[in-house]
Amino acid sequence: MLIQASIYFIGTSALLAVLTLMILRIGAMMADCPQNGPAIKTASVTIATGFAAIGAGGIILIVALLAAFPLEPVLGLLLALGLAALCLGLGFTHAIGTLRLVAVGGPDQTAKA
């Protein structure tokens with residue numbers, strides 16, 4: 001079980017780090033806008049920090065799946081990795097959507113973009 005937990009933590013931590021860096025890079029690219037550039041920079045750091053914190057908590061909670069499948073460790077590992085990737089992907093999508101809302105000036109401005 002220790003081997004599966006190690007594989008899980010390495011894989012999901014790497015995924016979390018890559019997605020967090022992608023949020024920061026997308027925010028840096030969007031910060032070229034002269035109108036909302038400073039707000040986008042601040043928002044991208046804030047959103048990336050929140051994503052990393054919530055994602056790390058989710059990773060820790062999902063590892064309980066490994067303990068739920070003691071007789072089938074590979075099945076538990078695959079379920080935990082799949083669920084973590086799904087949750088991190090959905091969180092990433094929401095984070096980028098929030099960053100886009102900051103870029104266009106708020107939820108009432110999205111229809112104009």
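## A tour from pocket to core

Start by selecting α2, which gives the lining of the largest pocket its largest share, eight residues. Helices here are DSSP runs of H or I with at least four residues, numbered from the N terminus. Before you go on, note that this is a predicted model, where local features need pLDDT of at least 70 and side-chain atom pairs count only at pLDDT 80 or more, while totals for chains, interfaces and linings use all residues. Residues are numbered from 1 along each chain as its sequence is written, and side-chain values use heavy atoms, with hydrogens and water left out.

**Stop 1: the pocket.** Select Gly50, Phe51, Ile54, Gly55 and Gly91, which lie nearest the centre of the largest pocket among its 15 lining residues. A pocket is an open set of points on a 1 Å grid over the protein atoms alone, where a 1.4 Å probe fits, with protein on both sides within 12 Å along at least five of seven lines; lining residues have an atom within 4 Å of a point. The space inside is about 250 Å³, a volume filled by probe spheres set on the points, which are joined across faces, edges and corners. Colour α2 (37-62) and α4 (73-104) next, as each supplies at least two lining residues. By type, the lining has nine nonpolar, six polar and no charged residues; Ala, Val, Leu, Ile, Met, Phe, Trp, Tyr, Cys and Pro count as nonpolar, Asp, Glu, Lys and Arg as charged, and the others, Gly among them, as polar.

**Stop 2: the core.** Now pick Tyr8, Ile23, Ile47, Phe51, Leu66 and Leu88, the residues with the most contacts inside the 22-residue largest nonpolar core. Such a core is a set of buried Ala, Val, Leu, Ile, Met, Phe, Trp, Tyr and Cys residues joined through side-chain atoms within 4.5 Å. The helices α1 (2-30), α2 and α4 each supply at least two of its residues, and α4 brings the largest share of this core, eight.

Zoom in on Leu88: beyond its neighbours within four places in sequence, Leu88 is in contact (heavy atoms within 4.5 Å) with Thr12, Leu15, Leu16, Leu19, Phe51, Gly55 and Ile59.

**Stop 3: Ser44.** Ser44 sits in helix α2. Is Ser44 buried or exposed? Its relative accessibility is 4%, so Ser44 counts as buried (under 20% relative accessible area, with exposed over 50% and partly exposed in between, using a 1.4 Å probe and protein chains only). Not counting residues up to four places away in sequence, Ser44 touches Ile23, Leu24, Gly27 and Leu99.
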